[in-house]
Amino acid sequence: MTAAGLTSPEEAVRHVKSGDTVMVGGFGLVGAPLTLIDALADLSDATDLTVVSNNIGEPGRGLGKLLRQGRIRRGISSFFTSNPEAVAAANAGELEATLLPQGTFAEAIRAGGAGIAGFYTPVGAGTLLAEGKEERIIGGVPHVLEEPIRADVALVYAARADSLGNLWYRHTARNFNPLMATAATITIAEAGEIVAVGEIEPESIATPHLYVDHLVARA
Amino acid sequence: MSGDPDPKAIIASRAARELRPGEIVNLGIGIPNLIPGFLGSATEVFLHTENGLLGVGPRPSEEELDPDLIDAAKRPITALPGASYFDSASSFAMIRGGHVDVAVLGALQVSETGDIANWAIPGKDVLGVGGAMDLVVGAKRVIVTMTSTTPSGDAKVVRGCSFPLTARGVVDVVVTERAVFRVRSGALVLTELLDGASVDDVVSVTEAAFTVELEE
């Protein structure tokens, strides 16, 4: 969009509806939009969610909060194991867990945001994680067809945003955030600080504002 | 065998000698993470971490701790001069695209044809794979560091992996506390004995078939 609207966490999470697919940035809790996740847990009653995130938070923290509330129906992740409660929920049949190799997970989101209908990767070929997927030999090497991932809403975190919604990430808190910002119908960015337009060097903007619909200040 | 030294230290110090100056190296969790302590100053390598950094530095002091700066094991790290940050899709494009020279990682089992199982135990939770599959498929060289047996004494260098596979035929080198194996033309070769071990010692803890071509 042309200019992201600055809004409150409570208003922002109203965009998440029951049954939605929600992407959430972060590697563990680093780079996770914790203010937005807390608002989703505390101020929204959207449930039956599919969550696309590298991990399902930690016990009772980040997405782990939403999990405890029983509001995540399905998770698409590379590493559920960092939250033992997510593993327990999956084993109890309360959470449908879709596991992807981390590079495939990242690329599927990138593809989802870039209008690519799928890609063949050698990663996972011949393993449990290729079951039910098309395999094809390309250049003599087995490959797996992976489909793109998109979401209704993406919740991302950036250390700095300008008031247009341009985003600047810091250190390893970047991770999946710039990818997820591209792959959802509505992208909500939580920013550590919000500065005036022009204050972020254009070359340093990792997410141009056209991807960002709503902006929230980190609490 | 002398028996006394910590097996993990023996493995890490030998694996460190597999690395060459200037290489781009991704170190897995566990024994691989001990390797920087055994790299001589002449063996400067560039450490890549798949959560988005090339140029991982030493562990931070209390004052240097930065909540935005972690490795793939989610432990605090520092970044060296010349480091760069990137998103996860770029990071795995580097890995799959063959731009990372070496991946050093632990394993549950390695087969005599270089298959590796290192992410799941049957009957236990198969809910975390992380970057393991991408790394072993994409890195130009794959070095496995692991003890030769499980705590209960089962061989980890096996004929065929019974645990869920990470990938087939991708392992180049296996370093245990007793031996260095290399996979050559799809077959396992014992090339070095460590810590006073004999070939018989290695045979006694190895299920896989291998040939012996000891190197100096």
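Guide: Helices here are DSSP runs of H or I with at least four residues, strands are E runs of at least two, and both are numbered from the N terminus. On that basis chain A has six helices and twelve strands. This is a predicted model, where local features need pLDDT of at least 70, side-chain atom pairs count only at pLDDT 80 or more, and totals for chains, interfaces and linings use all residues. Residues are numbered from 1 along each chain as its sequence is written, while chains are lettered from A and ligands numbered from 1 in the order in which they are written.

Visitor: What radius of gyration does chain A have?

Guide: The radius is taken over C-alpha atoms, and the globule rule is 2.2 Å times the number of residues to the power 0.38. For 219 residues a compact globule would come out near 17 Å, and chain A agrees because its value is 17 Å. The C-alpha trace of chain A spans about 50 × 40 × 25 Å along its principal axes.

Visitor: How do I read the core, and which residues touch the most other members?

Guide: A nonpolar core is a set of buried Ala, Val, Leu, Ile, Met, Phe, Trp, Tyr and Cys residues joined through C-beta atoms within 7 Å. Buried means 20 or more other C-beta atoms within 10 Å of a residue's own, with C-beta atoms placed from the backbone. The largest core has 139 residues, and Met23(A), Ala154(A) and Val136(B) touch the most other members. Strand β9 (residues 151–162) of chain A gives this core its largest share, eight residues.

Visitor: And how many residues does each chain bring to the contact between them?

Guide: Two residues are in contact if their C-beta atoms, placed from the backbone, lie within 7 Å. Chain A brings 35 residues and chain B 31. On the side of chain A that touches chain B, α5(A) gives the most, with five residues.

Conventions
A residue is buried if 20 or more other C-beta atoms lie within 10 Å of its own, exposed if 12 or fewer, and partly exposed in between; C-beta atoms are placed from the backbone.
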